[in-house]
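Here are my notes on this model, for someone opening it for the first time. Please read them with the structure in view.

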Amino acid sequence: MKGSLLPVCLMLICLSVVPTVYADVIDPDEKEVQTSYQIINLDSYPDYVFLLYGYPFYHDIVVLNSSQFSFYKFSTLSVYAVEKSNFNEDELRQLNETQLQDYFANSTKVIRSDLELEGSYGTVNVANPLSEVLIELEITSLNHTHLEIKKKRIIYTYEGGGVKSADYQDQNTTPQPGPVPSGTDMIWYFGLPLIALAAILIVLLRRRSK
Amino acid sequence: MYELLYALLLTILIEFIVIWPFLRKKEKITLILLYIVLINCFTLPLATYGYNYILPNLVLIEFLIIIIESLLIKLLFKIKYQWALLISTEANLVTVAVGFVI
């Protein structure tokens, strides 16, 4: 009996000593911001296939199109290009994890970029109305040996419908949204209150003049 | 944009349902509705802007809205400020509660 309790006791001691592992858990005061990417000029390169591949899903590939795409928040993926004439998706999907890693690392058919994409923008305080982030990517150079993709713009979407965007000045610094909303939002935010305030003043002034 | 309009219409409806019983003997129903529309067209877009772009703190924004709406209710419905504050507080608390439920 004593012998059978020993492993349980040891396990409890270990659990009480080892710090809590947070892994996938978000702080109760924080929320995850949904993050998407989009290559805005992908259609300008019809002779190429663009693939998404990387950590930790080395066993799988994603074939990109011009639509928005997102992936697991803890992933770090890269975009690769392959000439259509050199690409066979069925063949690629039959490769195992090691073969795929080798294909993306060493194959002369694969054109690599330096850009790494993170699956998540990160977390923000639950009181922050930020709900979605879209990062627009642009292919700035593509030839048989080299692929260059740059982050062009980030679009912040807020609860309640507010949208703001900011251009990347430096690839390593995520631009923060400016303080002023764009476009027709301004009419909503300031035009309507001004009209309402004017109407309220008219009501009060007319009442006073009677 | 449509979400904002939907929020405005819903807020007007909720505040009308809450405020009307307080003031039905004092004011015509059409005037009550008109004043509530005007008050909310003034406060809701500014509150949304404040929350989205300046200070994402719902409690503080709601507090400011209650104060501003109570002043407007006092002026438009010609009632005592304490009474206006009570009406404004109740209307906005119900609106926030409904917002959370939705």
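1. Start with the crossing of α1(B) and α2(B). The crossing is right-handed. Bear in mind throughout that this is a predicted model.

2. Next comes the geometry of that pair. Two packed helices are described by the angle between their axes and the distance between the axes. Helix α1 of chain B covers residues 2–23. Its packing angle with α2(B) is about 135°, and the two axes lie 9 Å apart.

3. Which residues of α1(B) and α2(B) meet? On the α1(B) side they are L4(B), A7(B), L8(B), T11(B), I12(B), E15(B), F16(B), I19(B), W20(B) and L23(B). On the α2(B) side they are I29(B), I32(B), L33(B), I36(B), V37(B), N40(B), L44(B) and T48(B). By type, the residues of this contact divide into 14 nonpolar, three polar and one charged.

4. Look now at L34(B). This residue sits in helix α2 of chain B, which spans residues 29–54. F16(B) is 18 residues away from L34(B) along the chain. The C-alpha atoms of the two are separated by 9.7 Å.

5. Then turn to the contact between the chains. Chain B contributes 20 residues and chain A contributes 20 residues. Within chain B, helices α1, α2 and α3 (58–77) each supply at least two residues of the side that touches chain A. Which helix gives the most to that side? The answer is α2(B), with 10 residues. The side of chain B that touches chain A divides into 16 nonpolar residues, three polar and one charged.

6. Finally, chain B as a whole. Chain B has four helices and zero strands. Along the sequence the pattern reads α-α-α-α. The chain has 102 residues, and buried residues make up 33% of them. Among contacts in chain B with a separation of 6 or more, 55% come from residues 24 or more positions apart.

Technical notes. Residues are numbered from 1 along each chain as its sequence is written. Chains are lettered from A and ligands numbered from 1 in the order in which they are written. This is a predicted model: local features need pLDDT of at least 70, side-chain atom pairs count only at pLDDT 80 or more; totals for chains, interfaces and linings use all residues. Axes are lines fitted to C-alpha atoms, for helices over the stretch in contact, and angles run from 0 to 180 degrees between N-to-C directions. A crossing is left-handed if the near helix is turned anticlockwise from the far one by less than a right angle, and right-handed if clockwise. Two residues are in contact if their C-beta atoms, placed from the backbone, lie within 7 Å. Ala, Val, Leu, Ile, Met, Phe, Trp, Tyr, Cys and Pro count as nonpolar, Asp, Glu, Lys and Arg as charged, and the others, Gly among them, as polar. A residue is buried if 20 or more other C-beta atoms lie within 10 Å of its own, exposed if 12 or fewer, and partly exposed in between; C-beta atoms are placed from the backbone.
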